[in-house]
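Morning, everyone. Please have the sequence and the model up on your screens.

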Amino acid sequence: MKRFLHLATLAIGSAAIAATVPSSLAGVRGQSQPILLSQNVNFQAPNVTAPGGRQGGTHRGSKLCPAGLSITPLVPPTNIGLTLTESPTIFVYVPQTSAEIEFTLLTENEDKVVYEKTFKVDKSGIVGINIPASGDNNKSLEVGKRYVWSFSMVCEPDDRSADSVIKGFVQRIEPQATLKSDLANPDPMTRLNVYAKNGIWYETLATLAQMRRQTPGDARLTAKWTQLLQSQGLESVAAQPLVGPL
């Protein structure tokens, strides 16, 4: 409950968050774009936005979080990404720190906790947090709704107002027949390009991350990953290692 109350006091209020799916999103749902197998992953961002610009969280410095440390969300500049699943993976860059990291997923108005997880990392890198499918302790992501997620680096456990916090959004959409048909292809590279061409951010990132984990020495996949992050203004973390899903 303390985590929820803490997050509820953050800068983005529910009134600023309220938004609807733009009509232009219908084009993303209705049909897929042509698949172009190229060196680059050409992510086509849909016309959806969310309040609060994407930025890394920083801290003034403490024993657990020396000055200069920052956490960075892997999300497009619009601060929101689309997903087709109830259990997407949210990626974040976490620096070397002994501080606990809290992940929390909330409803759009930040009045209900959907899922939360606390973890630590033993080295800096990009971490993926998988939101589990609906179960006894968590709810599923509903189609057509957007959710707020946050990562909090607990720099001073006795003073949670000193947390280093980042926020972003995820919105689940329902794929239409053409997109479903294209995604039926078992080839991961083809599916990667389908996700990217249709602006499905979280699956684009998760698919490429999984391919890199399976073949870590593949320079082509490393280049695709770097290019994808750079295309979304994430140059600062593009070369950081994947340190595993949680």
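Strands here are DSSP runs of E with at least two residues, numbered from the N terminus. Two strands pair if DSSP finds at least two bridges between them.

Before going on, a word on where this comes from. This is a predicted model, so local features need pLDDT of at least 70 and side-chain atom pairs count only at pLDDT 80 or more, while totals for chains, interfaces and linings use all residues. Residues are numbered from 1 along each chain as its sequence is written, and side-chain values use heavy atoms, with hydrogens and water left out.

Back to β5. How many bridges join β5 to β8? Eight, and the two strands run antiparallel. β8 covers residues 146-154. β5 also pairs with β6, again antiparallel, through six bridges. There, Thr-104 stands opposite Glu-116 in β6.

Is β5 mostly covered or mostly open? Mostly covered: seven of its eight residues are buried. Buried means under 20% relative accessible area, over 50% is exposed, and in between is partly exposed, with a 1.4 Å probe and protein chains only.

Now the turn. β5 and β6 form a hairpin with five residues between them. Glu-110 sits in that turn. Its phi is near 60°, a positive value in a residue other than glycine. Glu-110 is buried too, with a relative accessible area of 6%.

Asn-79 also has a positive phi, near 70°, and is not glycine. Find Asn-79 in the loop between β2 (70-73) and β3 (80-83). Asn-79 is buried, at a relative accessible area of 1%.

Last, the cavity. A cavity is a set of points on a 1 Å grid over the protein atoms alone, where a 1.4 Å probe fits but cannot get out; lining residues have an atom within 4 Å of a point. A search of the whole structure finds one of 30 Å³ or more. About 50 Å³ of space lies in the largest cavity. Volume here is the space filled by probe spheres set on the points, which are joined across faces, edges and corners.

Which element gives the most to its lining? β3, with three residues. The lining includes Phe-43, Pro-76, Ile-80 and Trp-201. By type, the lining has eight nonpolar residues, three polar and no charged. Nonpolar covers Ala, Val, Leu, Ile, Met, Phe, Trp, Tyr, Cys and Pro; charged covers Asp, Glu, Lys and Arg; the others, Gly among them, are polar.

How values were computed. Helix = DSSP H or I, 4+ residues; strand = E, 2+ residues; numbered from the N terminus. 1 Å grid on protein atoms, 1.4 Å probe; cavity = no way out; pocket = protein on both sides within 12 Å on 5 of 7 lines; lining within 4 Å.
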